[in-house]
Amino acid sequence: MAATQAGMKRFYVLFGVLAVAGLAVLGYLLMRPSTVSIPANVVVQPSDTSGFAGYVKGSATAPVEITEYADYQCPFCQTFATLQMPTIEERLIKTGRLRWRYRDFPLQMHPFARLASHSAACADEQGKYWQQHDRIYERQQEWSGARDAAPLFRNYAQELGLDLGRYDSCMESGKYAGRIQADYNSGVALGVSSTPTLLVNGRLHRGRFDSDAITKLVDSLTRTTAR
Amino acid sequence: MIHRMAAALLSLSGLFISAYLYLYKTGKIGSLACGTGGCEAVQWSPWSRVAGIEVSLVGLLGYALLLLLCLAALQPSMVQRREPALLLAALSGIAVLFTIYLTYLELFVIHAICRWCVASGVVIVGIFILSLFDLRRLHRARI
């Protein structure tokens with residue numbers, strides 16, 4: 001009986017040591033700093049933009065251009081991107097009636113917005129900007145509450161078949177921080193204060209942003225241009 | 001009794017492995033320590049979920065259940081009872097079958113091996129073997 005009690009005591013000591021060690025490792029992993037961060041408010045150099053003025057889709061000869069200033073972590077931008085954009089794309093962009101320009105406007109309150117913008121910019125290097133853009137918005141709920149969103153963005157890149165070596169070095173360099181800041185600064189200069197904000201043919205447009213309203217707007221502007 | 005103690009320690013190890021994978025999948029701990037890169041391919045494959053539930057979460061709950069069962073089986077009133085050993089063998093046996101299915105997916109469908117999944121597989125097979133030894137002990141004692 002005494003031997004059994006001694007055995008149980010040894011077991012509980014070993015069990016306790018293992019439990020504490022395991023919890024300590026998990027605790028450390030939960031507390032360690034984020035793997036990649038993109039600096040905010042950097043001084044923009046001319047080389048940061050090199051003529052870049054947003055990501056564009058649609059015909060160069062489309063009569064109407066809409067510039068969207070958006071934040072990947074903004075819930076309204078997410079709803080717009082996932083619910084309205086597919087219809088806008090089918091009805092207006094693919095038919096050559098509208099050109100869409102996306103510009104980053106990462107709000108300070110969203111800790112992963114810049115990281116998301118940078119991830120999409122790195123995907124752009126490999127010709128998959130819009131795919132990564134769409135995936136980041138589609139899975140916003142998954143990463144916005146994460147402690148570190150960088151590995152999740154990396155996984156999206158992997159799912160899209162990006163060269164992860166190139167993607168990783170792009171993310172670690174933070175090379176597009178200046179370009180993202182330049183986008184943000186251009187939005188501020190135009191009076192953008194919230195997201196998503198649309199500029200229709202260069203004019204700040206406030207109001208409803210659903211696909212029907214945008215279709216009516218494009219129809220009206222197209223008629224005006226035709227006259 | 002030594003088998004139940006060892007099974008409890010293995011269950012605790014399995015619990016930590018599953019917790020690690022689940023925290024990774026939910027973006028709570030950053031990158032995964034995995035030399036081959038196969039862990040990420042497996043963790044982000046469509047087979048990383050079963051009926052909409054993360055496999056790592058299934059593992060977490062399963063190991064928690066096995067751990068509670070092992071600890072209960074170590075209580076003085078239960079040590080010589082057959083029921084906990086039978087239940088442990090049945091549950092770990094089901095888990096071994098599930099692990100074989102997941103390993104098949106890794107090898108022949110996903111074509112990537114996750115070292116942490118292999119570690120979990122070793123743990124669950126160990127628990128199953130220990131539960132069989134425990135049953136043999138009880139059988140020999142004619143319990």
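How many residues does the contact take from chain A and from chain B? The views below start there. This is a predicted model: local features need pLDDT of at least 70, side-chain atom pairs count only at pLDDT 80 or more, and totals for chains, interfaces and linings use all residues. Residues are numbered from 1 along each chain as its sequence is written, and chains are lettered from A in the order in which they are written.

**View 1. The side of chain A that touches chain B.** The contact takes 23 residues from chain A and 16 residues from chain B (in contact: C-beta atoms, placed from the backbone, within 7 Å). Elements giving two or more residues to the chain A side are α1 (2-31), α6 (140-144) and α7 (150-159) (helices: DSSP runs of H or I, at least four residues, numbered from the N terminus). The largest share, nine residues, comes from α1(A).

**View 2. Helix α7 of chain A.** Eight of the 10 residues of α7(A) are buried (20 or more other C-beta atoms within 10 Å of a residue's own, C-beta atoms being placed from the backbone). Among them are L152(A), F153(A) and Y156(A). The buried residues pack against α4, α5 (129-138), α6 and α8 of chain A, together with α2 (38-43) of chain B. G161(A) follows α7(A), with a positive phi near 85°.

**View 3. Helices α4 and α8 of chain A.** The axes of α4 (residues 113-124) and α8 (residues 164-173) come within 9 Å and cross at roughly 140° (axes: lines fitted to C-alpha atoms over the stretch in contact; angles run from 0 to 180 degrees between N-to-C directions). H118(A), S119(A) and C122(A) of α4(A) meet Y167(A), C170(A) and M171(A) of α8(A).

Key. Two residues are in contact if their C-beta atoms, placed from the backbone, lie within 7 Å. A residue is buried if 20 or more other C-beta atoms lie within 10 Å of its own, exposed if 12 or fewer, and partly exposed in between; C-beta atoms are placed from the backbone.
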